[in-house]
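Morning, everyone. Let me put the model up, and then I'll talk you through it.

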Protein chains: 2
Amino acid sequence: MSVQERKERERAVRERLIVATARELAEQQGWDAVTTRRLAERIEYSQPVLYSHFRGKREIIGAVALEGAAELAVALRAATSAAAGEGPRARVTALARAYLDFAERNPAVYDAMFQLDGGLAFAEEDTPEPLKDGFAALLETLAEVAGEGVHPGLFTEVFWAALHGLATLTRAGRLPTGDAERRAELLVDRLAVV
Amino acid sequence: MSVQERKERERAVRERLIVATARELAEQQGWDAVTTRRLAERIEYSQPVLYSHFRGKREIIGAVALEGAAELAVALRAATSAAAGEGPRARVTALARAYLDFAERNPAVYDAMFQLDGGLAFAEEDTPEPLKDGFAALLETLAEVAGEGVHPGLFTEVFWAALHGLATLTRAGRLPTGDAERRAELLVDRLAVV
DNA sequence: ATTGACATCCTAGCACCGCTAGACATTCAA
DNA sequence: TTGAATGTCTAGCGGTGCTAGGATGTCAAT
């Protein structure tokens, strides 16, 4: 059965290549430039090969989104644990900064996660693990500043929504550039109960 | 010169028809369904007529966005002035509710304003008047709860971003349905200084 | 009234999109 | 050696935004 195993391995490699290439292309030229033709050309296969791995373009976006969610969770935990000894206030600030930083550095991935339709289920039973984990990473740090009598999950949702709003409006040019840091500080000041 | 005036009037009418039809179609079936062919068919003209009014589809989206911004400003002012005698806290709550309500009732228009590319300039010198006015409507009510030493404009940006995050994440199914009201209350409780 | 210039509008078509049917080659078990 | 199964490709479908160029109508000047 070694032959079959090798084939499966090669298939898995190619699938990762597709996702990585889609992501790269999206970061370089935006998601509009990620067409099945261009993507196929870049991986040096024909278009139908894409459809032997994914049901369609939307699933490819979904795959990039999952990859991004896992990375975001890692980045958030890295930031908060780096500020572990500095009290909840500093941890929340670090969390917010890390979140906004991720959105700014990986705009296409961020879009795949929250802006585009990747066919993923959110806030439901069959929500993929990386997405739940990303939310969990937020919850871990935010739970301790939710305040008395406030449900930590609800508080996390609100905090997350605020960060998401800042991230998207900033990047879409809807907010003046330059004050990003001050806005983040104000948000943490007000929302977090320390 | 009356003939020419009549023609200009008719042109203006047709332009409004295009925008209204695009909006209607978008609200009924989503922006994906708003193709130049379908739009042309609905207004009972051929496709090229659209391009004698707008440079392209993006400008049509932009026109819908401007219309929406004006309506949003009206809705926000109506809500706050209805709660005029109830203190700042009640006014801000009414404002937040009105904003989220508008986003929920007019999803396609909201998308045109903040999600899609309508080719509009935001937060710049040549920002169209309706957009500035929409922000102004927020600012009027929020300025009095910005808190000491906090720039009202900056505070409004943060508050707006939070509302925007709630609106988009809720509608995209990224947040559990049903708790929308509690999230809005929490947001007002924390952000507004009363 | 006729003519010519101008404005208006439509038909037809471009290049591109996501996606798929069916032909072709290759690989493997009988 | 052969037949089936697997893998990949070419070619094409119906759709998209957008536009060139021709047809039609309207007007002022003769």
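First, the ground rules. This is a predicted model: local features need pLDDT of at least 70, side-chain atom pairs count only at pLDDT 80 or more, and totals for chains, interfaces and linings use all residues. Residues are numbered from 1 along each chain as its sequence is written, and chains are lettered from A and ligands numbered from 1 in the order in which they are written.

Chain A, then. Its secondary structure is nine helices and zero strands. Helices here are DSSP runs of H or I with at least four residues, strands are runs of E with at least two, and numbering goes from the N terminus. So the pattern along the sequence reads α-α-α-α-α-α-α-α-α. The C-alpha trace of chain A spans about 60 × 40 × 30 Å along its principal axes.

Next, domains. Chain A is assigned domain 1 (1–53) and domain 2 (57–191); the bounds come from an automatic or database domain assignment. Over C-alpha atoms, the centres of domain 1 and domain 2 of chain A are 28 Å apart. Their contact takes nine residues from domain 1 of chain A and nine residues from domain 2 of chain A. Contact means that the C-beta atoms of two residues, placed from the backbone, lie within 7 Å. On the domain 1 side, helix H1 (residues 2–29) of chain A gives the largest share, six residues. By class, that side of domain 1 of chain A has five nonpolar, two polar and two charged residues. For the classes: Ala, Val, Leu, Ile, Met, Phe, Trp, Tyr, Cys and Pro count as nonpolar, Asp, Glu, Lys and Arg as charged, and the others, Gly among them, as polar.

Now the pair. What rotation superposes chain B on chain A? It is 179°, with 0.0 Å of shift along its axis and an RMSD of 0.1 Å. That is the relation of a two-fold axis.

On to the interface. 25 residues of chain B are in contact with 25 residues of chain A. H8 and helix H9 (180–191) of chain B each give two or more residues to the chain B side. H8(B) gives the most, with ten residues. The side of chain B that touches chain A divides into 16 nonpolar, three polar and six charged residues. 100% of the interface residues of chain B are also interface residues in chain A, so the copies meet through the same surface.

Within chain B, the residues B:Ala96, B:Tyr99, B:Leu100, B:Ala103 and B:Glu104 of H5(B) meet B:Leu163, B:Leu166, B:Ala167 and B:Arg171 of H8(B). By class, that contact has seven nonpolar, no polar and two charged residues.

Last, the DNA. 17 residues surround DNA strand C, and the closest are A:Thr35, A:Thr36, A:Gly56, A:Lys57 and B:Ser46. A residue is near a strand if its C-beta atom, placed from the backbone, lies within 6 Å of it. Two or more residues each come from helix H2 (36–43), helix H3 (47–53) and helix H4 (57–82) of chain A, together with helix H3 (47–53) of chain B. The surface near DNA strand C divides into six nonpolar, six polar and five charged residues.

H3(A) gives the most to the surface near DNA strand D, with four residues. That surface near DNA strand D divides into six nonpolar, seven polar and five charged residues.

Conventions: Least-squares fit on C-alpha atoms with pLDDT ≥ 70 in both.
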